[in-house]
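Morning, everyone. Please take a look at the model on the screen, and then we'll go through a few places in it.

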Amino acid sequence: MNHAEIETIGIKNTQKIFHNLSFDELIEHELRNGECAMTASGATTVDTGIFTGRSPKDKYFVNQDPSNNYIAWGDVNKKIDKAVFDELLIVAREQLSNKDLYITDVFCGSSPSSKRSIRFVSEIAWQSHFVKNMFIRPTSEELTEFKPQFTVLNACKAVNSQWENHGLNSEVFVLFDIEANLCIIGGTWYGGEMKKGIFSMMNYWLPLEGKLAMHCSANVGDAGDTCLFFGLSGTGKTTLSTDPQRALIGDDEHGWDDEGVFNFEGGCYAKVINLDPQSEPEIYAAIRRNALLENVVYDEDGLVSYDDGSKTENTRVSYPIEHIENHQPSLMANHPQNIIFLSADAFGVLPPVSKLSKEQAMYYFLSGYTAKVAGTERGITEPVATFSSCFGEAFLPLHPTVYAKLLGEKIDKHNVNVYLVNTGWTGGGYGVGKRMSIKDTRACIHAILDGSINESEFDTTNTFRFTIPTTLKGVDSTILNPRNAWADKDAYLVQRDHLATLFIKNFKKYTDGQNGFDYSAAGPKVID
């Protein structure tokens, strides 16, 4: 790459250009620059500063034709004037000018008919390393003809000192100009902004082509049977899709077009808080040379304390998907046979596994439920219900029903089975019951994947009207019906109706009839 090419995007007087460096070169740079440290496993580690997670309140889209006719404006997708974007684009360009730059060219999407070519520009070596881990790395032949369709300028050291005058949330900015095919980032060093920024764009582009973009992991068996795992953070999406008996397609972001399922990415981004080599051996083994840890605590010998969340509970590692021994080399597979919605229900109400009708699938997809545990005080805590449309509301530029309609069409066309699996609590809510064991959850998953769940007899629960197996190999039958697992049956009924009411209240936003369908009848019913 020559300097003139960089000047076409408004960056002036560039010093050295480090274009598409190898992993070894990037590691050498990030260590030499003092950006990272080396750990005992061979992975490098970085502290991302005060931001150890995304800044969703600082994300904006330019309000202009034609994209403003498609975007679902609101708290998730906020508007910014073109003039303000252009003013902050100058700020970003000035920050990146007169600097050495790291430029990385990648693909998002392994399907030839659906992929996008993306260029990332940064002055930070580890951010190029992160991008190289997380996206699909072009071949040397592909790089000779690479033309970016979208560009990300990561000016993380720049801040917006005029944010109050601009009517924005803070000095941090993550801005998208869809018509200009450009994203600019300032004020935050967190690598996940780049990853999820492109995911948001894929969620804009693909549905307009009749293709589904999904916040899910995916794997495939020897017989070619594909399974999708939807779930919010902490539900086990990465852990449960990483199965030594099945090839991993990807752990987080996928598309579904006419050819089948395909990974958007070329790497994995796993949480490592309390990482256990016994229960998650594949992920533990993936943390080696070329992997990049974030915000972990380590000693002078480079030994990482994965159970130490003093910097953040959101400790992470990014690594190339090749670090998972049993992965799908093509990052693609057939249309799915099974879809699994994962919810970590801290109320202890949802069954370990439920078979959903098409209508229920639409309801629980739009609900996107999990429950988080609130901060503890003297051992007393209450679970907090979290609803995120399509299990990824923060990344959906279009109305959630657009994605739900596409999912429903594909479920019908390809005769897909859909299940809801609770990876949360059983025998009581948080503080009373216990967390579902990974062993029991994996037994439920395996019964779905090998079809043995269909050999069971099924019951229908009250209120939520879930179809649940009465017996399942490898699972204590007592926990299959959550009411049976509770010692205090009356307390269970109160908790069940409370959670059902939360579902009903949340789903009212989808019952206005303006979006062409209403699946509220498939949800829970509370009888007074």
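How are α4 and α7 oriented to each other? Before I answer, two notes. This is a predicted model, where local features need pLDDT of at least 70, side-chain atom pairs count only at pLDDT 80 or more, and totals for chains, interfaces and linings use all residues. Residues are numbered from 1 along each chain as its sequence is written, and side-chain values use heavy atoms, with hydrogens and water left out.

Now the pair. Helix α4 is residues 125-134, and helix α7 is residues 192-205. Helices here are DSSP runs of H or I, at least four residues, and strands are runs of E, at least two, numbered from the N terminus. The two axes come within 9 Å and cross at roughly 45°. Axes are lines fitted to C-alpha atoms, for helices over the stretch in contact, and angles run from 0 to 180 degrees between N-to-C directions. So α4 and α7 are oblique to each other. On the α4 side, Gln-127, Phe-130, Val-131 and Met-134 make the contact, meeting Gly-192, Met-194 and Lys-195 of α7. Contact means heavy atoms within 4.5 Å.

Next, Asn-219. Its place is in strand β11, residues 212-220. Asn-219 is buried, at 0% relative accessible area. Buried means under 20%, exposed over 50%, partly exposed in between, with a 1.4 Å probe and protein chains only. Leaving aside residues up to four places away in sequence, Asn-219 touches several others, including Asp-225, Phe-229 and Arg-246.

Last stop: after α2 comes Gly-34, with a positive phi near 75°.

Note on methods: Parallel < 35°, antiparallel > 145°, perpendicular 65-115°, else oblique.
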